[in-house]
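Please prepare a short briefing on the structure below. Cover its charged pairs, its core, its overall fold and its backbone geometry.

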Amino acid sequence: MCLAVPLKIVSLEGDGKHAVGEAAGLTQKVRVDFLPGIMVGDYVMVHAGFAIEKLTPEQAAENLACIEEAIHAL
């Protein structure tokens, strides 16, 4: 099963195609070229290494809370 995860953009790379996203202390390199105008501090939904949607901080927090709840339910 594949799951999209919200990440906060913590750095951008010079080519405009890559960024580093963070959630729960873990980082992942992310392709961001599908979403023009992404900035450090933005939240994005990431699936298979690609940012597919920009999120508000509230949307990201709600998604992360749901993931945490599912993890602790196991």
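Glu13 counts as partly exposed, at 32% relative accessibility; here buried means under 20% relative accessible area, exposed over 50%, and partly exposed in between, with a 1.4 Å probe and protein chains only. Glu13 forms a salt bridge with Lys29, and the closest N and O atoms are 3.6 Å apart. A salt bridge is taken as a side-chain nitrogen of Lys or Arg within 4 Å of a carboxyl oxygen of Asp or Glu. The model is a predicted one: local features need pLDDT of at least 70, side-chain atom pairs count only at pLDDT 80 or more, and totals for chains, interfaces and linings use all residues. Residues are numbered from 1 along each chain as its sequence is written, and side-chain values use heavy atoms, with hydrogens and water left out.

**Salt bridges**

- The structure holds 3 salt bridges.
- The bridge between Glu13 and Lys29 links distant parts of the chain, 16 residues apart: Glu13 is in the loop between β1 (5–12) and β2 (18–23), and Lys29 is in strand β3 (residues 26–31).
- Helices (H or I, at least four residues) and strands (E, at least two) are DSSP runs, numbered from the N terminus.
- Arg31 forms a salt bridge with Asp33, with the closest N and O atoms 2.6 Å apart.
- Lys54 is partly exposed at a relative accessible area of 46%, whereas Asp42 counts as buried at 15% relative accessibility.

**Nonpolar core**

- The largest nonpolar core has 11 residues, among them Leu7, Ile9, Ala19, Val30, Leu35, Ile38, Val44 and Ala51.
- Such a core is a set of buried Ala, Val, Leu, Ile, Met, Phe, Trp, Tyr and Cys residues joined through side-chain atoms within 4.5 Å.
- Strands β1, β2 and β4 each supply at least two residues of this core.
- Ala23 also belongs to the core; leaving aside neighbours within four places in sequence, Ala23 is in contact with Pro6, Leu7 and Leu64, where contact means heavy atoms within 4.5 Å.

**Fold and overall dimensions**

- The secondary structure comes to 1 helix and 5 strands, and along the sequence the pattern reads β-β-β-β-β-α.
- With 74 residues, a compact globule would have a radius of gyration near 11 Å, and the 12 Å of the protein agrees with this.
- The radius is taken over C-alpha atoms, and the globule rule is 2.2 Å times the number of residues to the power 0.38.
- Along the principal axes, the C-alpha atoms fill a box of roughly 40 × 25 × 20 Å.
- Buried residues make up 26% of the 74 residues.
- Of the contacts with a separation of 6 or more, 32% come from residues 24 or more positions apart.
- The accessible surface comes to about 4900 Å², and 61% of it belongs to carbon and sulfur atoms.
- Accessible areas come from the Shrake-Rupley method with a 1.4 Å probe; for residues, only the protein chains shown count as cover.

**Aromatic pair**

- The count comes to 1 aromatic pair.
- Phe34 and Phe50 form this pair, which is stacked, with 5.3 Å centre to centre and 15° between the planes.
- Rings of Phe, Tyr and Trp (its six-membered ring) pair if their centres lie within 6.5 Å; planes under 30 degrees apart count as stacked, over 60 as edge-to-face and the rest as tilted.
- The pair links distant parts of the chain, 16 residues apart: Phe34 is in the loop between β3 and β4, and Phe50 is in strand β5.
- Phe34 counts as exposed at 53% relative accessibility, while Phe50 is partly exposed at 30%.

**Positive phi angles**

- Most residues other than glycine have a negative phi.
- Ala24 has a positive phi of about 55° although it is not a glycine.
- Ala24 lies in the loop between β2 and β3 and is exposed, with a relative accessible area of 73%.
- Ala48, not a glycine either, has a positive phi of about 55°.
- Ala48 is placed in the loop between β4 and β5 and is exposed at a relative accessible area of 64%.
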